[in-house]
Amino acid sequence: MPTHRIDGLDIHFVQGGPQDAAKRLLYVHGTGCNAGVWARHCESLPPDCRYVCVDLAGHGGSSGAGFRGTADHAFVIEGLVEHLGWDRFVIVGHSLGGAIALTYAVYHPNRLAAMVLVDTGGRLRVAPEVLDAARLAASGVEVPPLDRRWTYSPRTPDTVIDQVYRDLGDVSPELVYRDWIADDSFDFLSRLWAVRTPCLAVCGADDPITPLRNHTFFQGSMPSCELAIIEDSGHWPFYEQPEAFDRIVVDYVDGVYGSE
């Protein structure tokens with residue numbers, strides 16, 4: 001599997017689609033995840049798309065211990081983009097990955113054709129009880145597991161949730177705690193007005209942790225932001241309502257490249 005060394009880290013990524021494809025998408029996963037969460041969706045992409053899904057530092061096949069802030073993750077993304085030789089691509093970020101995508105758009109706006117922000121926010125506050133539990137787990141204290149359904153729509157079948165957990169695999173408590181801190185410390189609300197990158201904000205209508213108001217705020221704050229709401233979905237629309245998610249992303253990307 002391909003890796004590239006960036007700032008002393010071996011960053012693993014998954015890629016597919018024709019090398020010379022005009023449409024290029026870079027996918028960034030969220031807290032406690034890895035590139036594998038995008039596998040099913042990327043298989044649905046049309047043949048004129050080239051995609052790369054990155055394992056953030058410390059996640060999946062990438063080395064390191066993770067970071068406590070989005071700027072370091074965005075630095076690694078830029079190193080990968082330079083390695084790929086990409087320009088004018090669409091960055092797709094879920095949850096923490098959306099915060100990283102926004103950070104990247106602030107520091108490297110000329111690289112991007114557009115971004116897709118999936119169930120995220122301009123500020124990502126984490127509930128104190130979640131942070132406390134993660135901190136204790138990272139220090140070796142055994143804590144009760146969170147309700148496995150807490151981030152999903154009430155109508156999402158258990159089989160879908162089972163699949164997400166299988167795709168996440170084993171994640172160290174220390175890494176999860178760093179991810180939650182990166183979430184909780186992220187606050188770009190005052191900078192959204194200056195983000196000129198075309199954007200699609202995608203939100204599960206039943207998302208309890210990055211709710212619809214986050215995404216309507218994007219639409220009202222960023223000059224070129226569209227909004228797509230996916231019914232009967234919580235925080236994981238690419239699992240909970242995969243066909244709707246695929247269609248929304250593909251149609252948006254078609255529009256981005258068709259307008260250039």
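Author: Start with residue classes. Ala, Val, Leu, Ile, Met, Phe, Trp, Tyr, Cys and Pro count as nonpolar, Asp, Glu, Lys and Arg as charged, and the others, Gly among them, as polar. Keep in mind that this model is predicted.

Reader: How do the residues lining the second largest pocket divide by class?

Author: That lining has 11 nonpolar, 5 polar and 5 charged residues. The pocket holds about 450 Å³ of space. Its lining counts 21 residues, and the closest to the centre are Arg123, Leu124, Arg125, Ile209 and Asn214. Helix 4, helix 6 and helix 7 (212-221) each give two or more residues to this lining. Helix 7 has the largest share, with 3 residues.

Reader: How much space lies in the largest pocket?

Author: About 900 Å³. The lining has 31 residues, and Leu146, Trp150, Tyr165, Val176 and Trp180 are the closest to the centre. Two or more residues come from each of helix 4 (128-138), helix 5 (158-168) and helix 6 (173-185). By class, this lining has 19 nonpolar, 8 polar and 4 charged residues.

Reader: Which residues of helix 9 are buried?

Author: Buried means under 20% relative accessible area. In helix 9 these are Ala244, Phe245, Asp246, Ile248, Val249, Val250, Tyr252, Val253, Val256 and Tyr257.

Terms used:
Residues numbered from 1 in each chain as written. Predicted model: local features only at pLDDT ≥ 70, side-chain atom pairs only at ≥ 80, totals over all residues. Heavy atoms only, no water. Buried < 20%, exposed > 50% of the residue type's maximum accessible area, 1.4 Å probe, protein only. Helix = DSSP H or I, 4+ residues; strand = E, 2+ residues; numbered from the N terminus. 1 Å grid on protein atoms, 1.4 Å probe; cavity = no way out; pocket = protein on both sides within 12 Å on 5 of 7 lines; lining within 4 Å. Points joined across faces, edges and corners; volume = space filled by probe spheres on them.
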